[in-house]
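Work through the exercises below with the sequence and the model side by side, and try each task before reading its solution.

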Amino acid sequence: FGNGMGGVLFTAGAFANTVDDNVIHANGSAGVRVASAAGQGNRIERNSFRGNVGLAIDLLEDGITPNDGNDEDEGPNRLQNFAEITGVSGGLGSIEVSYAVDTLPARGDYPLTVDFYVNGDTTREGEFVHRDTYGVAPATVRTISFDPTRSNGTVMAMVTDVSGNSSELGAPVFFASLPLPMAVFRDGFED
């Protein structure tokens with residue numbers, strides 16, 4: 001059952017907490033709210049977010065917190081920049097995603113963990129589907145492939161540094177993948 005407000009609230013200096021592998025659905029506000037009074041190291045990863053009124057994760061409780069160059073701003077969870085998806089292409093049962101994270105090592109402890117989420121609409125919510133490690137130079141585009149578990153929808157990504165500072169989910173980007181071919185005959189005589 002959802003709560004009247006957010007599903008999880010970090011406030012009043014909350015630090016070094018973990019929300020991992022949970023179902024966070026149908027809340028009257030964001031799925032996870034990280035208030036301006038919260039501290040750092042609040043790790044939020046591999047969850048399922050759906051049907052919340054607001055974002056899946058809301059740093060500062062003010063809606064989308066835009067990325068800033070080099071991630072130099074301060075706030076709860078260091079206001080960790082989310083991963084920006086620069087391109088998505090479909091493939092045979094998978095999608096290829098190009099992304100970058102604009103966070104200097106002095107602003108986010110490397111290597112960064114990037115979690116990918118998929119959804120059927122344009123909300124900043126979704127189901128966790130894949131994890132990648134970002135250990136390259138800041139703002140370097142990295143390209144990976146994974147099974148999105150659905151034939152079309154949107155994909156978005158979030159970042160968590162080694163110290164547990166998790167970002168919001170980034171902007172959703174549309175994709176369409178091709179389903180794996182189904183074998184109609186299994187006798188070996190077809191081409």
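**Exercise 1: The parallel sheet**

Three strands pair in parallel to form an open sheet whose order is β1-β4-β7; strands here are DSSP runs (E) of at least two residues, numbered from the N terminus, and two strands pair if DSSP finds at least two bridges between them. The model is predicted, so local features need pLDDT of at least 70 and side-chain atom pairs count only at pLDDT 80 or more, whereas totals for chains, interfaces and linings use all residues. Residues are numbered from 1 along each chain as its sequence is written, and side-chain values use heavy atoms, with hydrogens and water left out.

Task: find which strands stand at the edges of this sheet, and how many bridges join β4 and β7.

Solution. Step one is to look for strands with a single partner: β1 (8-10) and β7 (57-59) are the edges, so one side of each has no neighbour in the sheet. Step three is the pairing of β4 (residues 32-34) with β7, which is parallel and runs over three bridges; Arg33 has Asp58 in β7 as its bridge partner.

**Exercise 2: Aromatic pairs**

Task: determine how many aromatic pairs the whole structure holds, and why the pair of Tyr99 and Tyr134 ties together separate parts of the sequence.

Solution. The search finds six pairs, where rings of Phe, Tyr and Trp (its six-membered ring) pair if their centres lie within 6.5 Å, with planes under 30 degrees apart counted as stacked, over 60 as edge-to-face and the rest as tilted. Tyr99 and Tyr134 are tilted, at 5.6 Å centre to centre and 45° between the planes. Because Tyr99 belongs to strand β9 (residues 95-100) and Tyr134 to strand β11 (residues 126-134), their pair joins parts 35 residues apart in sequence. Both tyrosines, Tyr99 and Tyr134, are buried, a term that means under 20% relative accessible area, with exposed over 50% and partly exposed in between (1.4 Å probe, protein chains only). Tyr117 and Phe128 are edge-to-face, at 5.9 Å centre to centre and 70° between the planes. Tyr117 counts as buried because its relative accessibility is 0%, while Phe128, at 27%, counts as partly exposed.

**Exercise 3: The cores**

Task: state which residues touch the most other members of the largest nonpolar core.

Solution. A nonpolar core is a set of buried Ala, Val, Leu, Ile, Met, Phe, Trp, Tyr and Cys residues joined through side-chain atoms within 4.5 Å. Of the 19 residues in the largest one, Tyr99, Val101, Val114, Phe116, Phe146 and Val155 touch the most other members. The elements giving two or more residues to this core are β9, β10, β11, β12 (142-146) and β13 (152-160). A second, separate core has 17 residues, including Ile44, Phe49, Leu59 and Leu169.

Definitions and conventions
Helix = DSSP H or I, 4+ residues; strand = E, 2+ residues; numbered from the N terminus.
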